[in-house]
Amino acid sequence: MSRCSLSSTQTSFSASEDYYTVSSEISTASDLSDDRSRVTIVRHTTPPDVYHTPLSSHDQLTTVHEQRPSQDSTATAVPPKVSFSESTITRKPVASGRRPSGSQRRSIMDSESLSTTPGVDDTPYIRFAIDQLTRDEEVRGTRIYPVNDQDYPVDRIVSDEGLGYVHQNHPPAADLRDPARPPPMQPLDVQRDIFVPCTPSFDAVQFPPLNFLPGIVRPVWLGLFILLCVLMTVGMITSAIWSSNHQGLLDYVNLGDSRYFLFQYFPPLLGMAFLMWLHQIAAALQRVSPFMALASDSSKTRSEGVFLDLYPTQFILPTFQHFRAGQYAIGIFFVVSWMFLFTIPLLGSAFNVRFHGHVSDGQFRWVASQGVMWTAITLYLLLILSLVLLCWALRQPTGLKWDARSLADIVVLLERSNNMADYKDSEAFASLQEFRQVLANRTDRLGYWHTSKRPTDIFYGLGEPGGAPRKYVIGPKGKIMEKDSSPGLSTPTEVHVEAGRHAGDIRMDIREEEVRRAYLPWFLKDTFVVAWIVIAVILLLVFLAVSFANKAVVNGFKPLISVSTNSGGFSSSNFLYSFLPVVIAMILYLAIQTLDLTLRRLYPFATLSNPGGSPAEFSLLLDYPARLPINVTIVAFLNKHYCVAGLSLASFISAFTLPVLASGIFWTQFYRDTGSIRVAAHPAAYYSLCAFLCLYGLALVLIFPQRYSFALPHESRNLAQVISWLYQSRIVNDSAFSRPETKAELCTRLCGPRVYSEQGQNFVGSLRSLFTPSKQALHAQYRQDGESTVGFAVNGESSSQQPSGSKENGEKRRVSVVDPGSVRYGFGIHYGRDGNEHLGIDRVQRGEGRMMHFD
């Protein structure tokens, strides 16, 4: 046993200099009246030197090692207790009188009288006294903190000298270990504050189940679409069988009549309706699948979740990324959806005309081309099977509380996220491969969380299981900054070794124009934009010249291939001149659809890049990729985003005109007056097609003026790329994004309650809200307040600050609270939560200055 004693004199001079030490008296076997060890508090004269530094407060401490009692001793040593007996305290004489002796004042005391106040545990007070005596260890940084308990939140690892204030599991008295051998070091069970996944009770309103699905992929609407596909398949099977058993379907009358429309234009028109519906299902599924992957129990699937595309980018080529993420049902659906594109040219050439009967009294009849029709039937059956498999796959949780349609919905997921450290300097990454190299080993999860030290504080978001929460420290000028969790960095004022910079330094790497505008889709670059326009104009002129010169197309031309129709209803001539034009028309449609989808996806960043920024309603809340074709056209037009409105309208018109008209524009028929067989054009369809091709060419011109506003440092297709512009943004700490319960609450915080009160609560108001934006925010976006030329704050000071700037900033802050729709957000260089410059999304105006935009 160890004992600490102070070497000093034993005479006291004044009451103000009183202090005490603890001495131990170990009971022996002869002391049968009290077998407990006593610790007496002795009064001393000489006080400790109050001018000693904390490093020298142990100069007078000596450790006395005593022999442990042998196991054959008659008495067992018991850890001593603190006794506040009056007989053991030496008191100095009092001038006013003589105190009674200790024997006269002493009374028989029970076991509870050993404490200062009977019935009150004095352990906390003793611990506090020990903390004061050992505070030098905290100054030197050598104090060790074990697991916290509820009685005393920070235990001090200090030798208790047998006082018994540190509750430890002592070895039994029969321990046979060699006394000369030091006891083994016990590992410290230090509990870290980490993210712990949890599944709260979904009966509570504040914790809804994370199984949200967009309406178009919910079982009711998917079931309706499957039913319609089944009816379409049954109709095609009936046509094929009836045509084969009854020598055709209907009599052929004339080119361009109602029956011609029924067999040549209506099947591809109906097929395009199915295809447009299918593309909307694919867009919704593409939007949900990354979050489904992040909510999965499979670590492999979660590691690929941040690399899955958030928005559909094109439908020309198939996508296989979901197979890599382990989402096989979704991957099969996307492959079948791409194969479904071929149903349009197949339906356009599925019917033909064949002569039945004798030459004298026979008749041309409409027949189904068996090979073409059964191929289309096979594709529809594959689609039905993939949809059924998709319904089974969508039973698992999606990890979403509402539809994540915009950038604001992604910001909400990052409010308390602890996975930001690995995204360091990712705002300037050039390729997806760089993101994979940095984030390959991450298995982030989307769902409900609590921390190990706050099990009742349940929150929702994206995080890393077992990772530490974000921590904040006091930075330069007393500002609260986020603590850098990188190894070796403890405060934001330290040097970033890998980047060679200090907090607050100007970063020239992200200020370069080549970095800011490093990425632009290849079809939006100058060379390709000019090529698009020139090629489209030239081809259109050639097409019109060839078509109308000498009326060559209207009068017909030789088919150059076999025109006979076999028993299965297949004609090489009609199949070629129906299938090939539809394929070309589908390529044109898918090309302009790609432009449309790209502009919808990039337009929020274009509005954020405007000098002076943009309100949240026209930037962070824009959800053009998730809107239906007609809906996005109307909303974009009302928002004065004419480029998106024009291209979306051109894409929608092209879908129902170019492939449909191309399917019946050419037809092989017999001319009785000349006795020849020629391929002629249907004049009404041909002229209409020429008009729509002219509109198609004019729509391409819309991308020319604003193409530079869509330039970004890198792509923005998946979560990893979007988070790279938000990982240090201070908007994740804004109150507007703090735990909103619903999407309506989030929109109200960003735009103000007037946006929704104006729309009304009835069905008509809800329907009107789909098409009309807030007039208040609309005027706020376009009012000219002379803020197009903005400065940038260096080291916390605005470059354009006037003497009355603080008052002006205070007024703006008050306005932002009363009218949140007036707050403007931008994409540029800003100061992040760590005090350094970053390139990304943030509020344009902060207290210390403004964001730097690139003109």
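This note covers cysteines, salt bridges and one surface patch.

1. Basis. This is a predicted model, in which local features need pLDDT of at least 70, side-chain atom pairs count only at pLDDT 80 or more, and totals for chains, interfaces and linings use all residues. Residues are numbered from 1 along each chain as its sequence is written, and side-chain values use heavy atoms, with hydrogens and water left out.

2. Cysteines. The structure holds zero disulfides (pairs of cysteine sulfur atoms within 2.5 Å). Cys 690 is in no disulfide. The nearest cysteine sulfur belongs to Cys 694, 7.0 Å away. Cys 690 has 6% relative accessibility and counts as buried (buried is under 20% relative accessible area, exposed over 50%, partly exposed in between; 1.4 Å probe, protein chains only). Cys 229 is also buried, at 0%.

3. Salt bridges, total. The count comes to 20. The rule is a side-chain nitrogen of Lys or Arg within 4 Å of a carboxyl oxygen of Asp or Glu.

4. Arg 324 and Glu 304. These two form a salt bridge, with the closest N and O atoms 3.5 Å apart. The pair links distant parts of the chain, 20 residues apart. Arg 324 sits in helix 7 (residues 321-324) and Glu 304 in helix 6 (residues 299-305). Helices are DSSP runs of H or I with at least four residues, strands are runs of E with at least two, and both are numbered from the N terminus. Arg 324 is partly exposed at 48%, whereas Glu 304 is buried at 11%.

5. Glu 837 and Arg 511. Their side chains meet in a salt bridge at 2.9 Å, N to O. Glu 837 lies in strand 18 (residues 837-843) and Arg 511 in the loop between strand 13 (480-482) and helix 13 (513-516), so the pair ties together parts that are 326 residues apart in sequence. Glu 837 is buried, at 0% relative accessibility.

6. A network. Salt bridges that share partners join Arg 287, Asp 403, Arg 405, Asp 623 and Arg 627. Within it, Arg 405 pairs with Asp 403, the closest N and O atoms being 3.5 Å apart. Arg 405 is partly exposed at 21%. Asp 403 is buried at 9%.

7. Surface patch. Val 530, Val 534, Ile 538, Val 542, Val 546 and Phe 704 form a nonpolar patch with about 490 Å² of accessible area together. Patch residues have over 30% relative accessible area and no salt bridge; like charges are joined within 9 Å, nonpolar side chains (Val, Leu, Ile, Met, Phe, Trp, Tyr) within 5 Å. Areas come from the Shrake-Rupley method with a 1.4 Å probe. Val 542 belongs to helix 14 (residues 526-548) and is partly exposed at 46%.
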